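Please read this report alongside the sequence and the model.

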Amino acid sequence: MSREILTVVETVSNEKGLDAEDIFGAIEQALVFSTKKKVYTEQPEVAIRVSIDRKTGNYDTYRYWTVVADEDHEMPACQLAISDLDETKYQIGDIVEEQIESIEFGRIAATQAKQVIIQKIREAERSLVADAFEARIGELITGEVKKQSKDGYIIDLGDGAEGYLAKDQALPRENLRPKTRVTCLLAQVNRDGRGSQLVLSRASKDMLKALMTKEVPEISEGIIEVREVARLPGLRAKIAVKTHDNRIDPVGACIGMRGTRIQAVQSELDGERIDVVVWSDDPAQYIISSLEPADVSSIVLDEDNRTADIIFATNDQLARAIGSQGQNVRLASDLTGYKLNMMLESEYAERQKSEIEAIINLFYERLEVDRDLAEALAEIGFTTIEEVAYVPAETFYDIEGLDDEAIGMIQERAKEVIIADEVAKKQNIKEPSGELLALEGMTTAIAYKLAERDIITLDDLAEQATFDIDDIEGLDSKTAGELIMNARKSWFE
């Protein structure tokens, strides 16, 4: 049998390109499996090792045990307690083995070895494919549609490699038929044995960026930089570009003479409309550019909250900014990272008037000043009581008739209001009962959230239905139901 093992190793190694050591390892595993099945049927946990001589093909079989502490001695078939051994020779973690009679490399062992070798071949093939494609992640790759499955397409990439294009990564309206040539982006390479190995995409933002890089030499050469991309795959997209050479118009370079460059990209993406926008480090200018072809009348930014009020002079310009089915404003928001609030000048003026009136009423009622002073505070830019309380006194000097003493009184009153609000807030915090906090499955955070809804005691919780509380953060329907049932146990005790 030794010669037969060497023959198997040599044949498989030559035909499949596998390392001989991997094949020897597979045969050793097969002999271990066969030994357990034939000799140790009643002791599946027994530990066996087979060692094949790589030169002669002869092999020896060993049974071995791991030395463990007495309290861990739970599997006698593969463990030995340290107290049963000479502690001067052994320590915990050592391996004790003895040679046993080897079985023949028969039909069962050969079948098992074949299965292991086939698995090794598959792993090796996947590894070769991964090695070949891993460095190409993010690149465009062209193949032929091999077949269509329920959830996507198998793409033949040549040399035995296949990619998978999921339906949600294809363009919405395209139906790729077998034998069709298609260009995709290599999005991911999976080295493990689960799922598709080469994952493709035609819907990702990087797909559009890669196509633009291919068609526009200035991008591939680094003269023009693609800063941001926003896409509604197959429908419309926006791409923000910046030039590193002021002599070059980035938009014109991307569009090309008579639109040839951008048309090539649109054709590859099933007619997807692409707007090229000049990137700017000025958020206001960037947002205005992203909303083209609409003309923005004015813009008010809140950079802390990443929101912007966009004001238009006419309904026509507002409609252009929003776009068909809201596509233009959605893409502009995605491109710039700002939430965009679109409105007409008349709407903005009305909103400003309403907001200023609310601020005036706040100062009038809470600070107990006369209405003229409340209007004056709002007019010079105060919007909150905290601002009134803590800004430098000089800020009030623009208000006619206020001296330092009056300013001090206003700020002192504002601080009193803030302190009173904090005290009231603390007093209004509702405390869950000790029984509710101690309920099986309850957490402190959930108990306080229940208390905010006036669910203070076990009886309060027991009277709820699942749908009454499963919208609380940290609770799902199952957990909510279990808490309610645990609370109801108190009714029957």
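## Barrel and its helix

Five of the strands form a closed barrel: 5 strands in the order β5-β6-β7-β9-β8, with mixed pairing. On average, neighbouring strands of this sheet are turned by 50 degrees against each other, direction ignored. Helix α4 (residues 205-215) packs on the sheet and touches β5, β8 (181-189) and β9 (198-201). The direction of α4 makes about 120 degrees with that of β8.

This is a predicted model, in which local features need pLDDT of at least 70, side-chain atom pairs count only at pLDDT 80 or more, and totals for chains, interfaces and linings use all residues. Residues are numbered from 1 along each chain as its sequence is written, and side-chain values use heavy atoms, with hydrogens and water left out.

A few terms need cut-offs. Helices (H or I, at least four residues) and strands (E, at least two) are DSSP runs, numbered from the N terminus. Two strands pair if DSSP finds at least two bridges between them. Contact means heavy atoms within 4.5 Å. Axes are lines fitted to C-alpha atoms, for helices over the stretch in contact, and angles run from 0 to 180 degrees between N-to-C directions.

## Strand pairs

Strand β5 (residues 140-148) runs antiparallel to strand β6 (residues 152-158), and 4 bridges join them. A hairpin of 3 residues links β5 to β6. Lys 147 has Ile 154 of β6 as its bridge partner.

Another antiparallel pair is strand β10 (residues 224-232) with strand β11 (residues 236-243), over 8 bridges. Ala 230 stands opposite Lys 238 in β11. The hairpin of β10 and β11 has 3 residues between the strands, and Gly 234 takes a positive phi near 80 degrees in this hairpin.

## Two helix contacts

Two packed helices are described by the angle between their axes and the distance between the axes.

| Helix pair | Angle | Axis distance |
|---|---|---|
| α4 and α7 (residues 260-268) | about 140 degrees | 9 Å |
| α11 (residues 345-366) and α12 (residues 371-379) | about 130 degrees | 8 Å |

The angle makes α4 oblique to α7. Angles under 35 degrees count as roughly parallel, over 145 as roughly antiparallel, 65 to 115 as roughly perpendicular and the rest as oblique. The crossing of α4 and α7 is right-handed. A crossing is right-handed if the near helix is turned clockwise from the far one by less than a right angle, and left-handed if anticlockwise. On α4, the contact uses Leu 208, Leu 211, Met 212 and Glu 215. On α7, Arg 261, Ile 262, Ala 264, Val 265 and Glu 268 take part. These residues divide into 6 nonpolar, no polar and 3 charged. Here Ala, Val, Leu, Ile, Met, Phe, Trp, Tyr, Cys and Pro count as nonpolar, Asp, Glu, Lys and Arg as charged, and the others, Gly among them, as polar.

α11 and α12 are oblique to each other too. Their crossing is right-handed. Residues of α11 in the contact include Ile 356, Ile 360 and Phe 363. Among those of α12 are Ala 374 and Leu 377. By class, the contact of α11 with α12 has 8 nonpolar, 1 polar and 3 charged residues.

## Whole chain

The chain has 19 helices and 15 strands. Its C-alpha atoms fill a box of roughly 110 × 80 × 45 Å, taken along the principal axes.
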